Structures are given as structure tokens and as C-alpha cells.
There are 2 protein chains.
Amino acid sequence: MPNPTAAMIVIGDEILSGRTRDSNAHHLAGRLAIQGIDLREVRFIGDDRATIIATVQELSAQRDHVFTSGGIGPTHDDITADCVAEAMGASIDVRDDARAVLQAYYDARGTEMNGARLRMARIPGEATLIDNPVSAAPGFSLGNVHVMAGVPRIFEAMLDGLLRRVEGGRQVTSRSFLLDRGEGDIADILRQLAGDHPDVSIGSYPAWTGAGYQVAVVVRSAEAGDLDAVATKLREAFPEARE
Amino acid sequence: MPNPTAAMIVIGDEILSGRTRDSNAHHLAGRLAIQGIDLREVRFIGDDRATIIATVQELSAQRDHVFTSGGIGPTHDDITADCVAEAMGASIDVRDDARAVLQAYYDARGTEMNGARLRMARIPGEATLIDNPVSAAPGFSLGNVHVMAGVPRIFEAMLDGLLRRVEGGRQVTSRSFLLDRGEGDIADILRQLAGDHPDVSIGSYPAWTGAGYQVAVVVRSAEAGDLDAVATKLREAFPEARE
């Protein structure tokens, strides 16, 4: 059975304006790779209602899972929860369980629960809450869409909990070979290997060290036997490679 | 006249697998903001022919500019140039001017020009070359699609040259106000300001410092007068804000 597939939507004008550098996509990519879920696409989009709705609808129809990051706070530009509800044809309102979580958090800190904060308890009726151990305001899973916060520490904590209940696939393992050469020297051999082993993804990533060119050849597969076969051929072709 | 719009496509399995963290999207976002070009969307996609072609066609029809990063080296997984040509209905082959640039670079280094390296001279006939002052192999602009390398040092050098010939718009300026408060305290005021000033983008970005919550309120607009009006109201509402 093929591995589950996923897409991510990073939501926020601050990412597209260059103010903030997203780190959640890279974090999610690494976590999904370990879990055997194939991340096929990431999109950064702005805080625009029509764009969020259309993107959620398109990607949730194409992939087994959609992960979103950003736009679930108390302010006017936090529109993700309502947009995801609309995209999925669900109703959304303040939900008692989410309100109770927030109320307990604010009570413990002597913070007033006002209307803005209460917006963070807006959760679609049929959604499952995603726990937020950092600042209480929960994310949620609605169908195959998992809605999480943009602040990296909160995103990562939410994802920890969420991934415990998302079924993974076969983990793709990888081996990496470092060579002190230019990519152009090894391209023919890699092309032949890639043709002979369609189940193995063979990537080559050049870098310039200051002293000369290096290239990392990374082979990836969920099939351990195929991966080993390619690794053996690479070792024969490039005995000097550092693994 | 509204500012030109742009989208970016970051191409490479290594990004989606979590091996490599992209930095080109953030770099491009900052550069386009300065130039007055509105970055509306970024997509990370894999080294897949059909996906690259479909994504280029979709985004080049929607935006004034599309910037791509990755997949223009000498190896079998470098398929961006051919895919962009196909997406735009252009033919592609080794081009004499690109070959001459590469040949001079390799001659100066005593490196052999082989078939793999010659692939980097494959450029659509009607494209304009994008200079690569780092490692010679050029990028190109075909229609409104600008094809650049993935290695950040090369991407950034190519972009420097490219942006000199891309017409910008009015630069969006921003002012930022830092407050030692939670977002929930200031949400009502921000919502009202956002309603009163539709030409000004008002974002609020919470952070946890260890000692307490902070929030940065960032106001952005290409209309200096509107921006100043909002900034004045923010100063009145939050005299303690640090700009």
C-alpha cells in the first residue's frame, strides 16, 4: 500500500512580506518523513478569505492530510478557523470544551476572558481538538484538515500530540554519500542508477566549500533491499565517498 | 496602478523530505517587498515533471511574475528548464551563448565539458539569460517565468541581476510597534482600526519572551498618509509602545 500523502498550507501576510521566516514547513517535513507520510506540496498564502477557502478545498480533495499553520489567534487577521469551516461545509461557533480549556488557563493567570479571546474557542462542531500545551487555545482536525498555530513553539507542540493519532506508512530511509567533486562529474552514473532503480529516489545536492565543490548524493526508498543495492553500486563507483 | 504581483515555486524533493531547509522563499519575499512587487503565493513542489508543468502554467497565468528556484543543474533530477519550456509552449535545446559562458568557465578551471554539464546550456530559444556570477550556468526568463538555481548563494546572485531589469511598483512601507501585552488585550482596537483603514494592512504577531507575552503590531501600506494616520491612532491607544 502506498504511503499516505500530505500537503501543508502556511497562512500569513507576514511570511509573504518577508517580515517572518517560516520554520514550520521544514519542521513538518522532517516529522512526516519519520512517520512515513509523503509531503507532496507546501503553499504559503496570505490572510485572504477566498484564497484560504479555495486552497483548503483543493488540497483536502487531493491529499490524505492537510496541515495548516497560522491565523488562529484572537485578532481580526486570524481567520483560518472560520475559513476552514466554510471550506469543509461545517458550521463553527464557540464550543464549550474549547471555552473551558481557555477559561481555566486565563483563570490560573488572572487574565480576563474577553470577546477577542473567546474567538479562540470557535471550533467546528464535528472537529476534534488539538491540544495546545503552551498557551491553551486549541487547534482542531476537521475531516482531513489539521489546523494549528503559527508560532513555532506552539505549532511544534500541537504537532507532537496530533501525530500520535495520525496513522503513518512505511518510513522512507535514506543514505547519504559525500564526494569532493562537481555534480557534472557524476551525473552520467547517477542517471543510469536512477533508470535502473525506479523505486529509489536519487538526489544530488551540490555545495561550494570555499576549497572546492562537494556533492551529496542522497538515496531514499521505503524498500530496504533496493536502497542497499543502489548504495552498493555507489560504493563501487565512488570508493572515496564518505557516508 | 496596483503593484505587480508574483508567485514563487521552490522545486526539489530534498525540501519536501525535510533534508534541506529552503531559504530562497524568505530571501525573495524581502527583496520583492523592497521593489514594490506583491508576493502572493509560494509553493514547494517535488521533482515531478507533470507537477512542475501544471504549477508553472497555473501561476504564470495568475501573476505578473513567477520566480522558480531549484532543478537546473547537470543531473537527472534537474528537470526544471525542460518543464518550464514545455509549460510555456517553447522549444529548448543547447544554446550557443549559454554554451560559450559554460565553456569559458570550465576552460579557466581545466574542467572537462561533458554531456552532463552541457545540459546546463539547454535554454529556450526566446528566453533571456539570467547571469550566474558564482558558477556560470545561467538561469533564464521565459515570458513572465524566471528560472533560477536552488543553491542559495547562486539564487541570490542571480536575483540581484534579474531584479535590475524587472519593473517594480510602489514600495510598501511598514511601521512596527512592540507591546508587552497579550494579543487578546488589543484585538478590539486593532479590529476597529482595520475596519476604518482598508488600505492599511494591520498584523499582530505574538511572541513569548519567557518573562511574559509580547505582541508586535505591524502596519503596512503603499499609502504614506494612511499609514501615518493609523500609526498616530496606535500611539494614542498604546502610549507605551516601542516603535
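1. Two strands pair if DSSP finds at least two bridges between them. The model is predicted, and strand β2 (residues 38-45) of chain A meets that definition with β2(B): the two pair in the antiparallel sense over five bridges. Within this pairing, R43(A) stands opposite R43(B) in β2(B).

2. The contact between the chains takes in 45 residues of chain B and 45 residues of chain A. On the chain B side, the elements that give two or more residues include the helices α1 (13-16), α2 (24-35), α6 (115-118) and α8 (183-196). The strands β2 (38-45), β10 (201-208) and β11 (213-221) of chain B also give two or more residues each.

3. What is the make-up of the side of chain B that touches chain A, by nonpolar, polar and charged residues? It divides into 17 nonpolar, 15 polar and 13 charged.

4. Helix α2(B) also packs within its own chain. Its partner is helix α7 (residues 152-163) of chain B. The angle is about 20°, and the axes are 10 Å apart. Angles under 35 degrees count as roughly parallel, so α2(B) is roughly parallel to α7(B). The crossing of α2(B) past α7(B) is right-handed.

5. Which residues make the contact of α2(B) with α7(B)? From α2(B) come N24(B), H27(B), L28(B), R31(B) and Q35(B). In α7(B) they meet P152(B), F155(B), E156(B), L159(B) and L163(B). By class, this contact has five nonpolar, three polar and two charged residues.

Notes:
Residues are numbered from 1 along each chain as its sequence is written. Chains are lettered from A and ligands numbered from 1 in the order in which they are written. This is a predicted model: local features need pLDDT of at least 70, side-chain atom pairs count only at pLDDT 80 or more; totals for chains, interfaces and linings use all residues. Two residues are in contact if their C-beta atoms, placed from the backbone, lie within 7 Å. Helices (H or I, at least four residues) and strands (E, at least two) are DSSP runs, numbered from the N terminus. Ala, Val, Leu, Ile, Met, Phe, Trp, Tyr, Cys and Pro count as nonpolar, Asp, Glu, Lys and Arg as charged, and the others, Gly among them, as polar. Axes are lines fitted to C-alpha atoms, for helices over the stretch in contact, and angles run from 0 to 180 degrees between N-to-C directions. Angles under 35 degrees count as roughly parallel, over 145 as roughly antiparallel, 65 to 115 as roughly perpendicular and the rest as oblique. A crossing is left-handed if the near helix is turned anticlockwise from the far one by less than a right angle, and right-handed if clockwise.
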